[in-house]
Structures are given as structure tokens and as C-alpha cells.
Amino acid sequence: MNRLFGTKSQAPKATLNDAIGNLDTRVEAIDVKLAKTNAELQGYQQKLSKMRDGPGKQAIKQKALKILQRKKQYESQKDQLLQQSWNMEQANMMQDNLKNVMTTVDTLKTTNKTLKQQYGKIDVDKIEKMQDEMADLMEIGNEINESISRAYDVPEDVDEAELDAELEALGEDMMFEQEQGVGEGMPSFLQDEVPPTFVDEPPEQNKDKVKEAAGGVG
């Protein structure tokens, strides 16, 4: 059976890049032929420029015309191959773009699925409740700060002039007390202090009574 119908080819199918490379190779081969025909035409042109009109010159012209026809055919084939190569390059670019689009779509699908799974675990109501609790705590904290930082009737409108006047008055009071000999060695605000109740007599009187008691015993 295999001899009659043959077997299925196991060779890999040609890709667009393979086809483009094959076309480029054929174009290069045609370029070689075109270079050869141009050289032949130049040779005939040089001969014709040196010949006089006559049967010999006409014969060379006929040969040159055949070479020119061959050149035109090569150029036509080259143009066709270049157009085919260009079309395949465009198709190859579209194929690459399509692959990139498909890769992007697959990535977006995977990302979308992951985001749905992650956001599905988040309870928005709980987050809003937590935000409300945080706002209440912040308000309580502000009230506490205002309470512990409250001022206790400290005058805020004291200026330097009042301070200088107050200091000058205190200085005059101290000088007056020193001139009168009042409360030497003791500030005036302590002079009217009442002695503690647990002290029976001044220290000097206690000393005299201790001496009398000692003399009586003797």
C-alpha cells in the first residue's frame, strides 16, 4: 500500500520566515543574472559605438535586443518576488501581532481571575465599620488632648512693661524692708508665720530651764 499511495510526509511545514528566506535567495540569484546581462549590454554598446552602419552592426543590435528582453524578464520576476516577499513579511508581522494580542488577552484573563479571588475575600462592610471606629477613636483622642492641655486661668495679656513695673515694685519693697530692719534674714512673706503648735517654747527659754534643772540637782 505504501508503494502505491506513499506515506504521509513527516517533515515539518515551512513557516513564513522560511518562505521569505527562500524568496530572498531567489531575488539574489536574479540580481546575479541582471548583473551579467548589464555587462553584456555594455559590451555590445561599446562595439556598436565603434561600428559603422551596416549588416554587421545590425546583427549585433539584434543580439543586444535579445539580451535587453532577457533583462526585462529578470526585472519583472524580481519585482514579483519582492512583492511576494513583502506580502509575506506583512502577514508575518500580523501573525506576530496576533500572538502578542493573544498573550495579552490570556494575561488579562489570568489577572482578572486573580483580582476577583483577592477582592472576593474583602468585606467592604467590615472595612467601613473599621473606618467609623477609627474616626470615633480619633475624636476621643482629640477630646482627651484638649482636656489635659487645658489652661488654668493664666493671664495671656502680660507685656514687658508690666513685668518691668512689677520687678521695680518688688525691688522698692525689699529696699524699704532693709532700711526699716524688718525681718532681716527672713523674707517678709514668712515673718507673720505662726510657730508650729508642737513647739512649747522658743529654743532659748528651753536652754535656760535645762541649766536650772541641772543646778538644782547638783
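Partly exposed means a relative accessible area between the buried limit of under 20% and the exposed limit of over 50%. The legends below describe a predicted model.

**View 1. Salt bridge between E40 and R70.** The closest N and O atoms of E40 and R70 are 4.0 Å apart.

**View 2. Salt bridge between D31 and K78.** In this pair the closest N and O atoms lie 2.7 Å apart. D31 sits in helix α2 (residues 16-50) and K78 in helix α3, so parts that are 47 residues apart in sequence are tied together by the pair. With 29% relative accessibility, D31 counts as partly exposed. K78 is partly exposed as well, its relative accessible area being 23%.

**View 3. Salt bridge between K57 and D53.** The side chains of these residues meet at 3.1 Å, N to O. K57 counts as buried, with 15% relative accessibility, whereas D53 is exposed, with a relative accessible area of 71%. The count of salt bridges in the model comes to three.

View 4. Q58 is part of helix α3, which covers residues 55-120. The relative accessible area of Q58 is 41%, so this residue is partly exposed. Between the C-alpha atoms of Q58 and L48 the separation is 9.0 Å, and the two residues are 10 residues apart along the chain.

Notes: Residues are numbered from 1 along each chain as its sequence is written. This is a predicted model: local features need pLDDT of at least 70, side-chain atom pairs count only at pLDDT 80 or more; totals for chains, interfaces and linings use all residues. Side-chain values use heavy atoms; hydrogens and water are left out. Helices (H or I, at least four residues) and strands (E, at least two) are DSSP runs, numbered from the N terminus. Buried means under 20% relative accessible area, exposed over 50%, partly exposed in between (1.4 Å probe, protein chains only).
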